[in-house]
Each structure stands twice: as structure tokens, then as C-alpha cells.
Amino acid sequence: MFESKQILVTGAAGFIGYHLCKALLKQGHKVIGLDNINDYYDVNLKYARLSELGIQKEAATVFAEISQSKIHGPKMQFIRLNLEDREALPKLFKTFNFDMVCNLAAQGGVRYSIENPEAYIDSNINGFLNILECCRHHNVKRLVYASSSSVYGNTDKTPFEETANVDTPISLYAATKKSNELMAHTYSHLYNFETIGLRFFTVYGPWGRPDMAMFLFTDAIINNKPIKVFNNGNLSRDFTYIDDITTGVVNTLIKDSKNSSLYKLYNIGNGKPVQLLDFIESLEKVLDISAIKKMLPMQAGDVHQTFADTSRLEHDYNYKPQIALDKGIKAFVLWYKGFYNK
């Protein structure tokens, strides 16, 4: 028999968070979304995602007030909050008595962390500690949280396995994600609740982030502007379509694993790395426009390749990515053109 859960999704106005809320609502769960709607990228895109969930902009702009979806009613509620707010977050946990928590809220981006290190410590370290403390004190049985493939640094050993040494992060963003994994391990060990860390690999698709390659390249090519190709194109990424990611996250949240350990860590990717120049070529084909390429050296904090071994997630949660890159690119371009009236 289906049992509806009460689930907190932080980063609900974000790319993955928005899709996760949609998927959980479709399954009949009750979702409370949280986001601080910072201006790291265009806030209008964040408000547009919330609007798709039935959360109106006027209500969503106010801090620490709970608003209800115009589409889903009390099944979908939203609160604007900073993760590191040590008064308001415990109050929220007390009010809603969450069954599960999915923490996707974080200061994202590798390059941004070089100019704005404080933002990463506030959100990704202090904010995550606040989440762990709230889970501990309010009897939350399962916390799923976003880690990142960036924890692997510039390793040559591929595909990346969860058992690999990740003691050499090359960006502060990566260092905060590694810290999250260590903090989660401590809390699982000390306080006996389940923590599941997901190392995301280059997620793309409709409603995607404007600071990611898919969006930046599409935007530039359509507007006849040059695209920045770092390391002269000698990079590869494990591009993973948003629907595959969402299915994987929902399974870790809702389903019980074949693995009885309280502390779990998984790669969640496509397992098929694509060379950057091949990716650009696929995008050119879908857009039917040739890109103007500006070849540039390697950026500080960037890694040469990402390549996920997803066998652990496949074994424990039957994770199987389905969407091929060309199909995913078409879906993104269709959304982009519609959203920006191109």
C-alpha cells in the first residue's frame, strides 16, 4: 500500500530541486520546498521554476513565511530561508515533522568559489551542519544530500569509484562537498540516522542552470556569440540528463536499499563521458548553427575529465540511466527556445 511521506527539499527553486519536487508530487508525497533564492544566477529563472510548482513570486520573495501552491494546495508548500539560519530552520523541522530530507541547497559552481569563498562556507558547511543538527533533534530517519563529482579532483583513474581517495580537491567547492560527506558520516555514526550522499555528474536538461556548459553554449550559439572552449577542448564530461538524475534521487529518498549501512555514498551519473568538442558538435547539429569557438587554456579549479562508475547505485537502487545525449540536447534546446522565445 502506498504511504505518502512528508519530505523537505532544500534548493527547491534550483534546477535539480525543482525537478525533484515535481517528481515527488507526481508520486503523491507532500513536499515542503526551501530556497534562499540568492542571485548567483538569474532569480527570474528560479521564480519561474517555483511558478511551475504553483508557488507565486509575491509569496516566495518573503523570508521565513510559508506559502502554499496554487496548483497542488497543501501538498506543495514553500519557504524562503537561508540554510544557516539557526532559529528558523529548527522551527520548520518542529512544525512539519519530516519523514525524509533531501538537501540540494548549496552554493554551486567551481569557478565562483575562487572569487567568493565565504559564500561556500556559509551555505555548504554551516548550512549543512544546521541540516544535520535538525535531522538529529527532530527524529528524521533519512537524509539524502548532494555531493559532487568534483570531489575526485584531477584523478587519472577512470571510471571514478566511490572507494577512490578523494583527499586532493582542487576547488573550495569540492572541498566543501568532501566535508559534507565526512560530516554526514559522523552524524550517522553518532546519532543513528541514515545519510545518503550523491556525487552528481554534470547534470543537464530543461530548466537547467545558466552557468553550466549546455546553457552557456546554446545561448551563445543562438545569439551568434563565441563560446569559450577551455583547455582547447581537451576535456570530457559525464553528461547526465535530469530525468535520470531525478529518478535516482527519488529512489534513494523513498525506497529501502539492499545496503543496510546507515552511511551511504553513491556516484549518480550517466557512465558515458563525452569529449567537449563532440558535445559541441552534437549541439551544433540540433541547433543547425555552427559555433564560433574561442579556444582558451584550462581554468583554475577545473578538472580534465569526469566519468562515473554507477554500479553501486545500480545494485542498491536499480539505477539505470536511459536518456542518450542527442535526445537530451533536443529536449533542452526545445525548452530554451520556448522559455526565451527564440
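## Terms and model

A residue is buried when its relative accessible area is under 20%, exposed when that area is over 50%, and partly exposed in between (1.4 Å probe, protein chains only). Helices (H or I, at least four residues) and strands (E, at least two) are DSSP runs, numbered from the N terminus.

This is a predicted model: local features need pLDDT of at least 70, side-chain atom pairs count only at pLDDT 80 or more, and totals for chains, interfaces and linings use all residues. Residues are numbered from 1 along each chain as its sequence is written, and side-chain values use heavy atoms, with hydrogens and water left out.

## The whole chain

The chain holds 12 helices and 14 strands. Its C-alpha atoms fill a box of roughly 55 × 45 × 40 Å along the principal axes.

Of the 342 residues, 54% count as buried. Contact means heavy atoms within 4.5 Å. Among contacts with a separation of 6 or more, 80% link residues 24 or more positions apart.

## Strand β6

Which residues cover each side? Arg142, Val144, Ala146 and Ser148 lie on one side, with Leu143, Tyr145 and Ser147 on the other. Both faces are covered. In a regular strand the side chains alternate between the two faces of the sheet.

Two strands pair if DSSP finds at least two bridges between them. Strand β5 (residues 100-103) runs parallel to β6, joined by 4 bridges. Valine 101 has leucine 143 of β6 as its bridge partner. Strand β7 (residues 194-200) also pairs with β6 in the parallel sense, over 7 bridges. Here serine 147 has arginine 199 of β7 as its bridge partner. With helix α7 (residues 172-191), β6 and β7 make a right-handed β-α-β unit. Right-handed means that, with the strands pointing away from the viewer, the path from the first strand over the helix to the second runs clockwise.

## Nonpolar cores

A nonpolar core is a set of buried Ala, Val, Leu, Ile, Met, Phe, Trp, Tyr and Cys residues joined through side-chain atoms within 4.5 Å. The largest one has 71 residues, and Leu20, Leu50, Phe200 and Phe279 have the most contacts inside it. Helix α1 (residues 15-26) gives the largest share, 8 residues. A second, separate core has 27 residues, including Ile32, Ala105, Val140 and Ala184.

What does phenylalanine 200 contact, leaving aside neighbours within four places in sequence? Its partners include Ile16, Leu104, Ala146, Ser148, Ile245 and Ile268.

## Helix α4

In helix α4 (residues 88-96), the buried residues are Ala88, Leu89, Leu92, Phe93 and Phe96. Seen down the axis of α4, they fall within an arc of 140°, so they line one face of the helix. The arc is that of the directions from the helix axis to the C-beta atoms. Lys91 and Lys94, on the other side of α4, are exposed.

The buried residues of α4 pack against several elements, among them β1 (6-10), β5 and α6 (117-137). Asparagine 97 follows α4 and has a positive phi, near 55°.

Phenylalanine 332 sits in helix α12 (residues 325-339). At 1% relative accessibility, phenylalanine 332 is buried. Beyond four places in sequence, phenylalanine 332 touches residues including Gly205, Pro206, Met214 and Phe215.

Phenylalanine 239 lies in the loop between β10 (236-237) and β11 (240-241). Phenylalanine 239 is buried too, at 4% relative accessibility. Its contacts beyond four places in sequence include Tyr204, Val274 and Phe279.

Most residues other than glycine have a negative phi, and most peptide bonds are trans. The bond from threonine 158 to proline 159 is cis, with omega near -10°. Proline 159 lies in the loop between β6 and α7.

Tryptophan 207 has a positive phi, near 70°. Its place is the loop between β8 (203-204) and α8 (213-222). Is asparagine 341 buried or exposed? Asparagine 341 is exposed, with a relative accessible area of 69%. Asparagine 341 has a positive phi of about 50° and is found in the segment after α12.
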